[in-house]
Amino acid sequence: MIYKKFEDGELPRVNTNENLETISGNLFRSLFPVEKFEIRAETDRDKGIDFHIELKKELVSGEWVYTNYRFAIQLKATNRIQRTTDGNYGMQIFSSNIMYLLNNGMPAYYVFYHHPTHSFYYENVKNFVKQLQSKNPEWHKKEKHKLYFSKRLDKQSVLEIYDETYTNGDILKSINQYLKFPNVKESSQGLIIDSDNVVYSVSENIEFIDQFGADLVNRHHFNTIIEIEKRSWPRDNATPSFYLFCGIAYFQRGNLYKALELLNDAKKHSEEFDNQGQAIIAHTILSARYLLDMITKEQYDLEMTKINSLEDSGSFFQIERAFEELSANTAAPAVSIIKFYDSMAKIIENEKSAVIRTVAYNKIVDAESTILFHDLVMNFTFFIGRVDDPLQSRAYLEWLELEKKFLARLDAIAGYADKCGHHIGVGNLTLTSVKWNYEKALHTHYLTCWKGRNFDLSQPVNEGMVHMLEKQCSSLDRLGQLYGTMEYKENMISCMVLKFEILHFSRLYEAAHQIKEKILEALNSYGFEGLKKQYDPLFQNGTAHERFIDKYTQHINSIQDFAIKNGIDCYKMLTDKQMNSKTVWSIKDFLELDFTMLPYANMTEDQNIKS
């Protein structure tokens, strides 16, 4: 057999570029661990993709499965391209190829192999397009674009590609379950993809709030509602209840303009709500408008009276109506409190909501607190300034016994609220407790320093009393911080206002001024212009103790003037027997409170808000 030299034959010539493609392809495969990646070469009619790579996923059992989550690779290799002064490698890419890679929902990457250094570089196609788009929105009309490779394709970047592809696959899987061919008889269902790449169905969001919104509101999960509302666009067919619950949530979080927008949408469909729902819409809109200074305090009070007078408006408004009637009642306190007790007992009797019961109990102790201090002052009127030690009087000692009972029921209500998980109720009761200690301090201080026709305002506040009030301020700080964390802005400001009054009474004027500035700053930052006007008189000699001084001075002076006119010596000192001759108390027996009703029995709190 005769062998001819290869040089004599017309054999196919070796293409160095093909060699480079083979080298780069083989080396490229070695970068991707076989247990996590399945590499499939695109060999049949390749139009711009060299590899489709599928992810594999390890199960808890230790087995591995194919995911069908894939990404595309366009591999470029060269011997000739030199590194730029910036350390990058530049290569021309056709716009048609870029568009081709973008047309698939899977991630796509350009990979560049630099043979002289045996190095791989890569770039995400979407990132490349963002660069082009920022320079020229019509970049696709240009034939080619230069891509500069700078990121090394190494083990770490391979893991990043895996994670990115896996995330992309999860998103597509979430979307695919909602996709369907359009039907002209059906409106398309909106989808939202948030910053965490979680997919949401708008219609399902609306349905969820419609069904569970009342429960979320009753449990004070306002942030949850707001988060869902933000992910519910576009929404052409949202339900009235959706707008109501979202409006309440935004109101509770201090976003008043957004609350008004949503509540007005709910109001357009007010006929779909019962009287309670209509009352809630009207009340929340009214409160938002007042806080934004769109209406005056007088207009607010007038409209609230109308809302409270509505029949079947729900327990909350019945409670408000009963309290309003007590405040406006001109009868003797002993008569008024009995009527109030009767009204509240009827409301509470059939109320299954622990939250509403806690609100009712808080209103009851508010009323009792006002009457107990009123009675203390009235019993002191006969002998104020005319005995040596008024705090040893029968009136004060009997009042202290009433205080013990009052504080015991206050603790019991707070314990009930805590047991029911009504943490805002516990906070409000803590505020009531601090307010009681402040008012007790101002009453005991001023009722012991009356001289002639005025209070002796030069008499310092007892050091022990100031120390006690400092502790109350610390409680207010903690409570205000809790309210702030939970975004109950009005409650937080209420803590600051009470602290201002306590500091002012304690003669700590510099500290009071500092907290005043913080209050004004908060009111301005939240846009509570109406509330700002409400508190303005407080800072103009309008604290509780300053109002007490003015009102009680006028009251005692009028009695003194009447006594002098009728020849009675109103300045004569009294004996202990005269001092202790008589006392009058409006509350003989406190209303018995029922703490047996616990919340969410049978997974419901008997929704406080109904549509």
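**Reading salt bridges and helix packing**

Author: E227 is partly exposed, at a relative accessible area of 39% (buried means under 20%, exposed over 50%, partly exposed in between, with a 1.4 Å probe and protein chains only). This is a predicted model, in which local features need pLDDT of at least 70 and side-chain atom pairs pLDDT 80 or more, while totals for chains, interfaces and linings use all residues. Residues are numbered from 1 along each chain as its sequence is written, and side-chain values use heavy atoms, without hydrogens and water.

Reader: Which side chain meets E227 in a salt bridge?

Author: A salt bridge is a side-chain nitrogen of Lys or Arg within 4 Å of a carboxyl oxygen of Asp or Glu. The partner of E227 is R231, at 2.7 Å from N to O; R231 counts as buried, with 14% relative accessibility.

Reader: Which parts does the pair of K533 and D293 tie together?

Author: The side chains of K533 and D293 form a salt bridge of 3.1 Å, N to O. K533 belongs to helix 19 (residues 529-535) and D293 to the loop between helix 9 (275-291) and helix 10 (297-308), so the pair ties together parts 240 residues apart in sequence. Helices are DSSP runs (H or I, at least four residues), numbered from the N terminus.

Reader: How is the packing of two helices described?

Author: One gives the angle between their axes and the distance between the axes. Axes are lines fitted to C-alpha atoms over the stretch in contact, and angles between N-to-C directions run from 0 to 180 degrees. Helix 7 (residues 240-252) and helix 8 (residues 256-267) pack at about 160°, with axes 8 Å apart.

Methods. Helix = DSSP H or I, 4+ residues; strand = E, 2+ residues; numbered from the N terminus.
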